[in-house]
Every structure is written in C-alpha cells, then in structure tokens.
Amino acid sequence: MQERIHLFYTNDLHSNFTQWPRVVSFLKDAKSSRMAEGNTSWVVDIGDHMDRVHPISEGFMGKANVELLNKAEYDVVTMGNNEGITLSHDDLFNLYNDAAFQVVCANLHSLDGDEPAWLKPFCTMSSIKGVKVGFIGLTAPFNDFYELLGWHVSPQFDMLATCVEELKASTDIIVLLSHLGLSEDQEIARRFKDIDVIIGGHTHHLLRTGENINETIITAAGKHCSFIGEVILTWDHDEGKLVSKEAYATDITNHAKDLQTEQTLHSLGEEAASILGETVVHLKKPIVVQWFKHTEIMQELTDTIKMWTNADIAMLNSGVLLDQLPTGDVSYGDIHRVCPHPINACVVEVTGNELLEVVRATLKKDFTELKLKGFGFRGEVLGRMVFAGLHVYTSFHDNGEEFVKEVSLPGGESLDPHRTYRLATADTFTFGRLLPEIAKSTVKDYFLPEFLRDHLATTLKRRFAKN
C-alpha cells in the first residue's frame, strides 16, 4: 500500500498582502482537493512572512501576520531574519503567543536563558495512515544583530546534527524548513543524507521542479508568494520507505482571491492606521524631499545619526526618504510611509584613504541612480549622499560628470589618510558590494532596535516642530 503526503509551502512573503488573498484561496482549494483524494496535506511557511515595511506589520509588530497564518490554517512555521532582527527582544518573545501552528527554529536561543514557550527545535506530525514526519527549522545567523537584541543563533550544522539524530529514531521522514539560503541548503544536502526534504527561502530563489542532491530534494518558491510550492512524498507501507519525492512551484498571480481574507486585511489596515495615527509632531513648514539634491531634512537626519552614534562622521543616502511631509500634524504612520525601511544605524571604522574612496564612489551617477532591491532598502533609488562632520567640495567635468575636488573635516583640517575614523551610516552599506570599504570593515557597531524612521521622528521634533 502506498500513501501520498502533500506539503504546501510559502516563503518570503515580506508582508506583500496584496498577494495574500490569492495564497489563502489557492491553499483552500488545494487542501480540499487532497482531502477528497484521502491524502494528508500540511501547510508550512519558511520565514520572512513579516516585513515592517507594511503598516499592518508595523502597527501590530508582526502579530497580525500570526493572525493571518492562523486563519489560513498553517501547520508549521519557521522564522526568517525579518521576524528575528527587526523586533525588540520582548516583541519577538511574545510574537507567537497566540499561534495555532507549531513554531520550529532549532538554532535560535535567548541569551538570558528564558525561552518563549512557543519556540521548539522541531516537531513531529503523523499522516492519516500513521507515517511520522519530523519538521526542523533553521534561521540565518545574523548574530551581529541578534545578540544586540538578547538572542543568539547557534551554528546550523551543529544544531542540525543533534536534531537529525533524535528524529531518526522517532520519525519516518525528516523535513528541514530552512531560512538559510540556497547555497547553505545545498551544503546541508551534501552533509546530511538522512534529511529527505529541504524547503528553503531567504535568498528568494525559485526552484520550479526542485533540485536533487544525495537523494535529498531541495525546493523554494521565490519571493512575495507569486508562487506557492508543493512537495509530494510517496510512502510505501509494505516496504517501509519513501519511494518518490516530487517538488513543484505553481504561479498563482492570476488565481482568484479569497474574499474573507480581503475583508480581514481591510479591517487590520484600519486598525493599524488607528494605532499609527497618533500625532508625533506639528510641522510649521512643509518638508521637501529630493533624491538627487542636498536638502535640509536629510542634513538634519544625518546630523542626528552622527550625534546618536557618537561617530566622527556620518553619511546617509537621500533615497531613504520617499515622500514630502506637508505642513501640519504628522503621525507615526506618516513617518512610516516616508521612511518604511527596516534599516538601522551602524558605525564602521575606515581609514582616511578608505573614506575618500567612499565619498568618491557615492557621488557617481551610477551610484546615486542605482535602483537597489533588498539589504533593508525599500525605496526606489539610492539618491545623493549627505554628510555630517565632513565637508565635501565638488565640481563638474566638461561632460557634466561630477567629481570630488576636496574633502575636509570641520575647521578645514584635511583627512589623515592613515588615521582611523568612526563613520556612521545605514546598515545597508555593510552588506554586499555597494561600498567595499565599508563592507570589509572589521568593526561594525549596529544600533538596535531603532530604525531610521525613529531617528527621523526625533529629528522632526528637534528641528522642525512648530513652537
């Protein structure tokens, strides 16, 4: 006798709630179909369901995301970095208190030893005909952030070895919910032959029909839930083993929406607007935002970052502010709309020579006009860089290209090419290859949990409020 087990999954929604009613509708139809066939089906999420770029996630600090997962009848969920490092310790500790699903994350631990009741390294579930399936969760180890928030992420391979060894003795099938990224998933498949399925996320990769390594099937469904994944496992009860593993990702961008979910989202949106509607400041004049020109608000915000971090110099890109602010009352919701990014301030150490290279790079047209996606940035283009504690004088070549003529410290002092300076900036630039001199710094001091918008609120109250 053979039995089919269906695992439906989502990953990296990032609070793209315009797509969520389609997700719910698809899952309802798919689960109903599998039930009619007499097969087991479970629904799992691989993390980054929440993103505080959306006012619903911001207003409820992620708890509305949990409510939506409950209503969609998810069975098992693991955490992504957007759940893990964009909330305060207390907010994350209580995030899943009302979850109707299992939360598994084997490598996350509270530094004070007080673990939330919902946090488990793995869970087990039984199919209709008694096949036991173990689900392990792992999240990406951003310990530079986690430890500032009172958490620690242990090495994934060590934790995985312990969980797999325990589950081998008590389950028939082992499934890993991995918010680690494709390359890590591939390495896990090479090392752990006892893991049958790896459902991945984090790097937003799409594997339409899965990838097989050492008899482990790896799959993932891209980002924003344009696709929903399905893993089909066939268990032979006579032979006592898995005889087939299949993985598919289905494009649901044109699927019908679930009306009840749309109504829920509308209600949550109204509640979030009320939560975020309290007036933060009353402006005596409108705030002008321009991405490619120096503006007063960006200068003041950069000055705030320099003071907050006690750095020698600070710099911020003008693209972090997305819209103007009119005269009158400004709520936290308005500030969130203008600056929605989950970006923190960070101080790095650079030499004078490295700082000069950074300044030159940030003023080039290809940098200011770069349409960046990810690394916490939720805007359109990077925009012009603004500096505090540093005077940058520029001119233009005959072809119109801007170049740096001179860089000096306050008082006219020249940069010492060999001296080390503490430079405050957006943590965006500590990742990837945008600014190599910053990314390679051996010192990176992140300032959490405040986002740039919290500093924007401070700046508005300090420098722009009506007396």
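In what order do the five strands of the open sheet with β20 and β24 stand? The order is β20-β17-β23-β19-β24, and the pairing is mixed. Two strands pair if DSSP finds at least two bridges between them. Helices (H or I, at least four residues) and strands (E, at least two) are DSSP runs, numbered from the N terminus.

This is a predicted model, in which local features need pLDDT of at least 70 and side-chain atom pairs count only at pLDDT 80 or more, while totals for chains, interfaces and linings use all residues. Residues are numbered from 1 along each chain as its sequence is written, and side-chain values use heavy atoms, with hydrogens and water left out.

**Stop 1**

Select β20 (385-388) and β24, the edge strands; each pairs on one side only. From one strand to the next, the twist averages 25°. Axes are lines fitted to C-alpha atoms, for helices over the stretch in contact, and angles run from 0 to 180 degrees between N-to-C directions.

Now select β17 (residues 313-317) and β23 (residues 420-426), which run parallel and are joined by two bridges. Ile 313 stands opposite Leu 423 in β23.

**Stop 2: Ile 438**

Select Ile 438, in helix α14 (residues 436-439). Ile 438 has a relative accessible area of 0% and is therefore buried. Buried means under 20% relative accessible area, exposed over 50%, and partly exposed in between (1.4 Å probe, protein chains only).

Leaving aside neighbours within four places in sequence, the residues in contact with Ile 438 include Met 315, Leu 423, Thr 425 and Lys 444. Contact means heavy atoms within 4.5 Å.

**Stop 3: the six-stranded sheet**

Move to the open sheet of six strands, whose order is β7-β8-β10-β11-β13-β12, with mixed pairing. Its edge strands are β7 (122-126) and β12 (206-213), and each pairs on one side only. The twist here averages 20° from one strand to the next.

Select β8 and β10 (residues 173-179): seven bridges join these strands, which run parallel. Gly 137 stands opposite Leu 177 in β10. Then show helix α7 (residues 156-168), which lies across β7, β8 and β10 and runs at about 170° to β8.

**Stop 4: aromatic rings**

How many aromatic pairs does the structure hold? There are nine aromatic pairs. Rings of Phe, Tyr and Trp (its six-membered ring) pair if their centres lie within 6.5 Å; planes under 30 degrees apart count as stacked, over 60 as edge-to-face and the rest as tilted.

Select Trp 42 and Phe 135. Their ring centres are 5.9 Å apart and their planes are at 85°, so this pair is edge-to-face. Trp 42 lies in β2 (residues 40-45) and Phe 135 in β8 (residues 132-139), so the pair ties together parts that are 93 residues apart in sequence. Trp 42 counts as buried because its relative accessibility is 6%, and Phe 135 counts as buried because its relative accessibility is 0%.

Next, select Phe 145 and Tyr 446. Their ring centres are 4.2 Å apart and their planes are at 35°, so the pair is tilted. Phe 145 is in helix α6 (residues 143-146) and Tyr 446 is in strand β24 (residues 444-447), 301 residues apart. Both Phe 145 and Tyr 446 are buried.
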